[in-house]
Amino acid sequence: MQSKKKIRVLIAKPGLDSHDRGAKVVARALRDAGMEVIYTGLRQTPEQIVETALQEDVDVIGLSILSGAHKALFPRIMELLSQKGLTDVMVFAGGIIPEEDIAELKKIGIKEIFGPGTPTETIIKYVLENVPERA
Amino acid sequence: MTIFDEKQIKELKQERERWEKTTLPKWLEQCKECKSEFRNHSGMLIKRLYTPEDVKDLDYMRDLGFPGEYPFTRGVHATMYRGRLWTMRMFAGFGTAADTNKRFKYLLKEGESGLSTAFDYPTIMGYDSDHPMAKGEVGVCGVAISSLQDMEVLFDGIPLDKVTTSMTINGPAPILLAMYVAVGDKQGVPRTKIGGTTQNDNLKEFFAQKLCIFPPKPSVKLTTDVIEYCARHLPKWNPVSISGYHIREAGATALQELAFTLYDGIAYVESTLERGLKVDEFAHRLSFFFASHNDFFEEIAKFRAARRLWARIMKERFKAKNPRSMWMRMHVQTSGCTLTAQQPLNNIVRTTIQALAAVLGGTQSLHTNSFDEALCLPTEESVRVALRTQQIIAYESGVANTVDPLGGSYYVEELTNEMEEKAMEYIQKIDDMGGAIAAIEKGFFQKEIADSAYKYQREVDEKKRIIVGCNEYTIEEEKCPIELLRVDPKVEKEQVARLQKLKRERDNRKVKETLEKLHYAAEKDENLMPTIIEAVKAYATLGEITDVLRKVYGEYKELIII
C-alpha cells in the first residue's frame, strides 16, 4: 500500500474573541481522523496566522471566530495568503457568522463556512474531500 | 437528626426487592427501557427510582437545616422569594456607551431590576478602541469603554444609588470599578451607597474564559486589591463574582463547574487572608456566578450542593463566625452554549427550563439568554422575550410561593449529596496539587475541561445526546426566521474619533503624573485602587492604565492544550 502524506491543518483563532471550545473540539476531531493539526491558540493577528501557515506548510486552514469581527479579519487573511503565494491552501471557517455574510466570504476565497451545531464528521468529510492535491 | 430509622429502611428495602421481582419485570418485558443506562452531564448514573433508601443517612439539621440558617442548603434567606423575588439582571452591551445606555433604559422600563454590562473585547483585554488589536471588534460583542467619558455616557440618567450594576470585567476590573466610583462621585452618591458586582475573577480566565492580560500571580493580586478596597470603602459592592459560568461554557460538566468554581473561591479567600484581613471582614461580600443547563434536576442539585459546600468550607476551613460569611449568594445565567442556531425559537423553551432550575435552586439573581444568541447579539424583541420568561416564572408559575419546593425529593437530595461528595474529591485533588495556580500551571483544569467538551461533542455527533432541531427533528433547508441585530461599523469610527479628541483636550500633564504614580504604586506592590481612581478621574484611558500594569507585571502567554 502506498503511504500517503498526512493532511496538515492549521486551526486558528483570529481577533480578540476567546471562545475556543469549538476550535479545540474541531482540532481534536481532525487529529483523531488522522490529520496533523496545528492549533495557534488565541488572539492571532492575520499576519501571525499566515506566517504560521507558511512555516508549517499546511494544506488547510480552519478559522474560528465568534465575535463578529470576521468581516474585518477574514479579508485581510485571504489577502496575505495571496501575497505570500499560498493560493493552493484551502481555507474554511466556523463560528457565529450570519447567513448574509457567507456569500461575501465565499467570494474572497473561503471555501466553506460551518455554523454552530455542525457535526465534526461533516467537517472531517469536507476536509478529506476538498483538500487540495499538492506535489 | 436522621429522618428514617433503620428498621423502616429495612422494611422498605424488602418492599423494593419485592417490587423488583413482581411488578417491575412485567413492565420491562412489555416496554424495554430506551437506554441501557441513564447518566447526567456530570456522568452520574441515574437510577430508575429513588426512595428513602437512597437518602437514609440524610441528617435533616446537619444537611438541610432551615432556610436562612447554616448550612443554607434550602436557601440563604428565610423566606426566599416570598419576601423578595430574585433580581432580574439582563446582560446587555453593544456599540457605543450611548447605544447601551438606551438598551439599559429600555430594560429598566420593561421591568428588569438590575443592570448587567457586557464590554467589548478590546475593553476586556485592556485596549482602547483605537488600538490596532481593536480593529473590527469595537462595540461588536459588548459596549466600548475606553475612558471615564464613556462611562459617564453609559450611566447618563441612571442614578447609581437606585440601581445595582454588574460588570463582566476581569483583568481591567479595578479600572472599570474606579470609573464607576468616579461616576458615582460626580452624581453625588456616597461611596457607601453604590452597589453592584465586578466579575473580577481572574483565575477562571486562565482555564475557561481565556481573556487573560497578566500572568496568574499579578492577576490574583489585582482581584485581591478590589476585594480589600471594597471591604474598606465600598461596603455594598460585591468585589468578585466567582464564576463557574465560563468554566461550564468552555465545556466542563456541572460537577466540574461546581468544584472548580468553589476552588477559585478558596484561592481568593486565602489571598485576601494573606493581606491581613479577617475572614468575616470580607467573606460576606463574595458572590458567585453559575450556569444553568437543560438537565433540570442535575442543575437544581448543583445549586443546592454549592450553597451547602461553601457554607461548610467557610465554617470549617476558614473558621468564619458570621453566618453571612457562609452565605453563598449567586447569580445564574441560562446556558448560551446549549442554544442552537437551528430553529432558534426552540431556545425560548430551553431557556425557560434552565431558568426554572435556577429559581428552584434558589438563585439571588438571574439572566435569561435570548433565543437568537447562537446567531447574533439580542435584539430588543428577543431580550424582551427572555425577560418575560423570568417574569412568567415569577408571577404566573407559582414556584416562588414556597421555599425550596424540591427539598426532600429523594432524587434531588441524593443528587445534591453526590454533587457535594464528588466536588470535595476534586477540591482535595487540587489541594494536593498545591492550589489553583499550581493546577493552572500544570494544565489540570484546561485538560479536564477540554476532555469533557470533546466527549460531549462526540455524544452529540453519535446521537447519544439528542439536541432537538440540531441532530434530530431537523428541518431541511432551514431559513433563518428572525431579525438579527448588527452593529454598524461606523460605531468604531465614531468611538475612535471621540477618544482621540479626548486625548487631545484633557490635561495631559496631569494624566502623565497619575500614570507615573500608578507605576510607582504597582512596583511597590501597594493596593492600586486609590491610584487608579485618581488616574481615571484625570481621564487617563483604560489602555494607558493597563499599559502601565503590563510594563510592571508582564503579559500572560497561553498554555495551549487541546
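Helices (H or I, at least four residues) and strands (E, at least two) are DSSP runs, numbered from the N terminus. This is a predicted model, in which local features need pLDDT of at least 70 and side-chain atom pairs count only at pLDDT 80 or more, while totals for chains, interfaces and linings use all residues; side-chain values use heavy atoms, with hydrogens and water left out. Residues are numbered from 1 along each chain as its sequence is written, and chains are lettered from A, with ligands numbered from 1, in the order in which they are written.

Chain A holds five helices and five strands, and from the N terminus on these elements follow the order β-α-β-α-β-α-β-α-β-α. The radius of gyration of chain A is 14 Å, close to the 14 Å that the globule rule gives for 135 residues, so chain A is as compact as a globular protein of that length; the radius is taken over C-alpha atoms, and the rule is 2.2 Å times the number of residues to the power 0.38. Along its principal axes the C-alpha trace of chain A spans about 45 × 35 × 25 Å. Of the 135 residues of chain A, 55% count as buried, where buried means under 20% relative accessible area, exposed over 50%, and partly exposed in between (1.4 Å probe, protein chains only). If a contact means heavy atoms within 4.5 Å, then among the contacts of chain A between residues at least 6 apart in sequence, 73% join residues at least 24 apart.

Chain B contains 23 helices and eleven strands. Its radius of gyration is 24 Å, close to the 24 Å that the globule rule gives for 562 residues, so chain B is as compact as a globular protein of that length. The C-alpha trace of chain B spans about 85 × 60 × 45 Å along its principal axes, and 60% of the 562 residues count as buried. In chain B, residues 24 or more positions apart account for 78% of the contacts with a separation of 6 or more.

One element of chain B to follow in detail is helix H15 (residues 346–360), which has 15 residues and reaches 22 Å from its first C-alpha to its last, close to the 21 Å expected at 1.5 Å a residue; the expected span is 1.5 Å times one less than the number of residues. The buried residues of H15(B) include B:Asn347, B:Arg350, B:Thr351 and B:Leu360, and the buried residues of this helix pack against several elements of chain B, among them strand S9 (287–292) and helix H13 (296–317). Just after H15(B), B:Gly362 takes a positive phi of about 90 degrees.

Helix H10 (residues 245–249) of chain B holds B:His246, which counts as buried because its relative accessibility is 10%. Not counting residues up to four places away in sequence, B:His246 touches B:Gln199, B:Lys204, B:Ala208, B:Gln209 and B:Phe289.

Some loops of chain B also deserve a look. The peptide bond from B:Tyr70 to B:Pro71 is cis, with omega near 0 degrees, and B:Pro71 lies in the loop between helix H3 (60–64) and strand S3 (87–92) of chain B. In the loop between helix H19 (444–461) and helix H20 (490–505) of chain B, B:Tyr473 has a phi near 55 degrees, a positive value in a residue other than glycine, and B:Tyr473 counts as exposed because its relative accessibility is 59%.
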